[in-house]
Amino acid sequence: MSNKIKHHLTDDLLMAYAAGSLPEAFDLMVATHLSLCDDCRARAESFDAVGGHVLEEQGDVVAMNEKSLAETMALIAKGAPIAKPKRAQCSVLPTPLQDYVGGDVNDIRWRPIGMGVKQAILPTSGDAMARLLFIPAGTAVPDHSHKGMELTMVLQGAFSDEVDHFARGDVEIADQDLHHTPTADITEDCICLAVTDAPLKFNKLMPRLFQPFLRI
Amino acid sequence: MFTEIDTATLDEPVAIRPAQKPWRAKKRIRGKPVNGAGDSCDARAEWVDHVRRIRDAQDQAAFAELFQHFAPRIKAFLIKSGSDPALAEECAQEVMATLWHKAHLFDPARATVATWVFTIARNKRIDVLRKQRRPEPEDLGWGPEAEPEQDDVIALQQETAQLRDALSALPEAQRQLIEKAYFGDLSHREIASQTGLPLGTIKSRIRLALDRLRHAMN
């Protein structure tokens, strides 16, 4: 648990996570960040408390069926659903991400997208997309902007762009107004989780031509 | 057949626990009370004791009371979130069964039972109605021998009561918007205008509980 996280999730994302109205890719981003950041976890859980209040105080309740309790006891008697096997601690991937990768950092199926940069798209449903990015130490990702919202969280190494410096656990929140060229620190290869709710726009011609093939 | 724990006879102070607890090494044995597990009940902490009785003694009477209170609320919540009544009935039963099976994961220093039930119902709604998986943060749980302090539990329950009063005092239009948000009827952008809620104190309380939990885990 690091206390050095400087760039956190916003209240609207945490409230939407608590309310359950984020697409799966964004849920994954929030769950991954909360695994590393107790500040945001406490804020998210206080939004859960609002949900508890709504559940408790909603005006009218709906009666359960007559045999409902007995049916539930029968359900319980069948036993607990088989729990997911407990994953080993990984210094790069928090447990929610391990579930999506299907293992450890060594199990990520990277695909090269040029200039040594690699990505792995994670399977999520809904309108948003989640992927892992591998940026070799000292390398820049091409200058790009965004049609929608892009969240990028550092898992290993660090990167800098026009906004600030981002290290493990830090989340950069980019919208359509931000053009940036993230550059990985020279000391270590950088691995990030990135989620977008719309395709990226590259500002140079070549990457834009390749964009349909790269699915970014 | 299910013995209730008499809280009056279990007044062993929680402070005598050893400082270092290899809690990860010990597995909870479901249904068998472990030392320190049943001694910190308090009637003021609404429903918390019921969950403990389920966890420690598989107490069906406690479960029936929880069921009577929460199941109709879960069903109403799911219907307001877009489910038809038959599916809502089925899911409410599954949520209550989950409550039984996961009673050992409930942390009363971080959430009331109502809050915890809400999170289970919300996850069920996402899994079933939206056919998506709900990614959850890494589990954090007190081990069988490292329970939260009773003072922390009571403080959290009190903070929640104050939050309830503060939310009840909001203008009607805003309260309705918050309800809509939690029934899944507001987009992320619409939610952004609703985030100025009075959550400072309860957030600090949960943060404190997380710090103590981390300390106990290490």
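Mentor: Start with a rule. A charge sits over a ring if NZ of Lys or CZ of Arg is within 6 Å of the ring centre and within 35 degrees of the ring normal. Keep in mind that this is a predicted model.

Trainee: What makes B:Arg134 count as sitting over the ring of A:Tyr17?

Mentor: The charged end of B:Arg134 is 3.7 Å from the centre of the A:Tyr17 ring. The cut-off is within 6 Å, so the distance passes. The charged end is listed as sitting over the ring.

Trainee: Which ring does the charged end of A:Lys118 sit over?

Mentor: That of A:Phe134, with 4.4 Å to the ring centre. A:Lys118 also has a place in a sheet: A:Pro112 stands opposite it in E2(A).

Trainee: How do you know that E1(A) and E2(A) pair?

Mentor: Count the bridges. There are 3 between E1(A) and E2(A), in the antiparallel sense. Pairing needs at least two, so they qualify. The two strands form a hairpin with 2 residues between them. In its turn, A:Met115 has a positive phi of about 55°.

Trainee: Which strand lies on from E2?

Mentor: Strand E2 (residues 117–122) of chain A pairs with strand E3 (residues 129–135) of chain A over 5 bridges, again antiparallel. For one bridge, take A:Gln119: its partner in E3(A) is A:Leu133.

Trainee: What is the order of the whole sheet?

Mentor: In chain A, 6 strands run E1-E2-E3-E10-E5-E8 in an open, antiparallel sheet.

Trainee: Why are E1 and E8 called edge strands?

Mentor: Strand E1 (111–114) and strand E8 (171–174) of chain A each have a single partner strand, so one side of each has no neighbour in the sheet. Neighbouring strands here are turned by 25° against each other on average, direction ignored.

Trainee: Which strands make up the 3-strand sheet of chain A?

Mentor: E7-E6-E9, in that order, open and antiparallel. Strand E7 (165–167) and strand E9 (183–184) stand at the edges, because each has a single partner strand. Strand E6 (residues 158–160) is joined to E7(A) by 3 bridges. A:Phe159 stands opposite A:Phe166 in E7(A).

Trainee: A:Gly157 lies in the loop between strand E5 (150–156) and E6 of chain A. Why is A:Gly157 called buried?

Mentor: Its relative accessible area is 19%. Buried means under 20%, so A:Gly157 qualifies.

Trainee: What does A:Gly157 touch?

Mentor: Leaving out residues up to four places away in sequence, A:Gly157 touches A:Ala167, A:Arg168, A:Glu188, A:Asp189 and A:Cys190. Its C-alpha atom is 8.2 Å from that of A:Ala137, 20 residues apart along the chain. Across chain A, buried residues make up 54% of the 216 residues.

Trainee: Now the aromatics. What makes B:Phe63 and B:Trp100 edge-to-face?

Mentor: Two values decide. The centres are 5.4 Å apart and the planes stand at 80°. B:Phe63 is in helix H2 and B:Trp100 in helix H3 (residues 85–101) of chain B, 37 residues apart. Both residues are buried.

Trainee: Why does the pair of B:Phe118 and B:Tyr182 get the label edge-to-face?

Mentor: Its centres are 5.6 Å apart and its planes meet at 65°, so it is edge-to-face. B:Phe118 belongs to helix H4 (residues 113–128) and B:Tyr182 to helix H6 (residues 172–182) of chain B, 64 residues apart. Both are buried. Ring pairs also link these two with B:Phe77 and B:Phe183 into a cluster.

Trainee: Which residues have the most contacts inside the largest nonpolar core?

Mentor: B:Phe70 and B:Tyr182, in a core of 103 residues. Helix H2 (residues 60–80) of chain B gives the largest share, 9 residues. Apart from this core lies another of 11 residues, among them A:Val141 and A:Cys190.

Trainee: And what does B:Tyr182 touch in chain A?

Mentor: Its contacts include A:Met15, A:Phe47 and A:Val54.

Technical notes:
Residues are numbered from 1 along each chain as its sequence is written. Chains are lettered from A and ligands numbered from 1 in the order in which they are written. This is a predicted model: local features need pLDDT of at least 70, side-chain atom pairs count only at pLDDT 80 or more; totals for chains, interfaces and linings use all residues. Side-chain values use heavy atoms; hydrogens and water are left out. Helices (H or I, at least four residues) and strands (E, at least two) are DSSP runs, numbered from the N terminus. Axes are lines fitted to C-alpha atoms, for helices over the stretch in contact, and angles run from 0 to 180 degrees between N-to-C directions. A nonpolar core is a set of buried Ala, Val, Leu, Ile, Met, Phe, Trp, Tyr and Cys residues joined through side-chain atoms within 4.5 Å. Buried means under 20% relative accessible area, exposed over 50%, partly exposed in between (1.4 Å probe, protein chains only). Contact means heavy atoms within 4.5 Å. Rings of Phe, Tyr and Trp (its six-membered ring) pair if their centres lie within 6.5 Å; planes under 30 degrees apart count as stacked, over 60 as edge-to-face and the rest as tilted.
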